[in-house]
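Welcome! Here is a short briefing to read alongside the sequence and the 3D view, for anyone meeting this structure for the first time.

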Amino acid sequence: MLALRGFRILLKVASLILLLAGTTGLGGSFFLHKYRVYGVFFSSLYIILPAILAVAGGVILLISGCTGCSVSNKKPSCGHGLFVYFLIIVWCIVGTTAVLAYTHKGKLDADLAPLKDVFQNYSGNSQDPDTKAVNALQCELRCCGVKNYTDWLETPWFNHSGKYEVPLSCCNKNFHSCNGTLDSPQLLYNEGCQVKLEKKLLLSLHVIIITSLVVLFLLVMSWIIVAQLMRHQPPQEYRILDQE
């Protein structure tokens, strides 16, 4: 009985951790939201697949965690089987997410190939998708240009504007007097956006991979706990019916 009670407690703890992991998985929706703005910088939609799967896995993890908590204090039943079934689905999703994230980790340069073209298409029109994406990227990552601010000298927008200045989104927020002029380059962000964006994506992919491995470990432990609960199931009592 002590062993049975111990496994029930472990199942409840594991289920609560799965709930927490599910909440973390829903964080992939933040990346999907960012993709609506930054999607023009990527060569294909495949880069958002890990985030989509992370959200899907997070939802099923939440359902699995709730199911595990509800059956943790009950005798082995079909509820435990449903819990295991959910875990198998999560295993497939999380395993695929980890593989995709690892694959994209090695080809970020190819995924970000359109970055330079988007900067070349900058028009200065706030309604233009490329212009909005570039300004948002430079403001959020605090960067300027693809490699550095001198990249703006080669853009059609710079040559047609007739002004010796870069977009205001290049201005360092610490210097309120900055107006984008190249006469004072020290007031601009001195790092390029490509390196910073690659670092941010690489960090996101590492988080996905590590989280996926932790979840896979939790799934294995949950399976073991459920198996032990089934093993310690008290034997059914049978009796012979009286015959008349």
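Let's start at one spot in the chain: setting aside its neighbours within four places in sequence, Lys147 is in contact with Glu191, Gly192 and Gln194. Please keep in mind that this is a predicted model.

**Around Lys147**
- Lys147 sits in the loop between α7 and α8, the latter covering residues 156-161.
- Is Lys147 buried or exposed? Lys147 is exposed, because its relative accessible area is 54%, and exposed means over 50%.
- Lys147 and Asn190 are 43 residues apart in sequence, while their C-alpha atoms are 9.1 Å apart in space.

**Helix α7 on its own**
- Helix α7 is made of 13 residues, and the distance from its first C-alpha to its last is 18 Å, close to the 18 Å expected at 1.5 Å a residue.
- Which residues of α7 are buried? They are Asp130, Thr131, Ala133, Val134, Leu137, Gln138 and Leu141.
- Looking down the axis of α7, you would find these buried residues within an arc of 165°, so they line one face of the helix.
- Just after α7 comes Arg142, which takes a positive phi of about 55°.

**How α7 meets α9**
- Two packed helices are described by the angle between their axes and the distance between the axes.
- For helix α7 (residues 129-141) and helix α9 (residues 193-231), the axes come within 11 Å and cross at roughly 70°.
- Angles of 65 to 115 degrees count as roughly perpendicular, and α7 and α9 are therefore roughly perpendicular to each other.
- On the α7 side, the residues that meet α9 are Leu137, Gln138, Glu140 and Leu141; on the α9 side, they are Cys193, Lys196, Leu197 and Lys200.
- Sorted by class, this contact of α7 with α9 has 4 nonpolar, 1 polar and 3 charged residues.
- Leu137, Gln138 and Leu141 are among the buried residues of α7, and they also take part in the meeting with α9.

**The chain as a whole**
- What does the secondary structure of the chain come to? It comes to 9 helices and 0 strands.
- The chain has 244 residues, and 41% of them count as buried.
- Of the contacts between residues at least 6 apart in sequence, 71% join residues at least 24 apart.

Terms used. Residues are numbered from 1 along each chain as its sequence is written. This is a predicted model: local features need pLDDT of at least 70, side-chain atom pairs count only at pLDDT 80 or more; totals for chains, interfaces and linings use all residues. Side-chain values use heavy atoms; hydrogens and water are left out. Axes are lines fitted to C-alpha atoms, for helices over the stretch in contact, and angles run from 0 to 180 degrees between N-to-C directions. Helices (H or I, at least four residues) and strands (E, at least two) are DSSP runs, numbered from the N terminus. Angles under 35 degrees count as roughly parallel, over 145 as roughly antiparallel, 65 to 115 as roughly perpendicular and the rest as oblique. Contact means heavy atoms within 4.5 Å. Ala, Val, Leu, Ile, Met, Phe, Trp, Tyr, Cys and Pro count as nonpolar, Asp, Glu, Lys and Arg as charged, and the others, Gly among them, as polar. The expected span of a helix is 1.5 Å times one less than its number of residues. Buried means under 20% relative accessible area, exposed over 50%, partly exposed in between (1.4 Å probe, protein chains only). The arc is that of the directions from the helix axis to the C-beta atoms.
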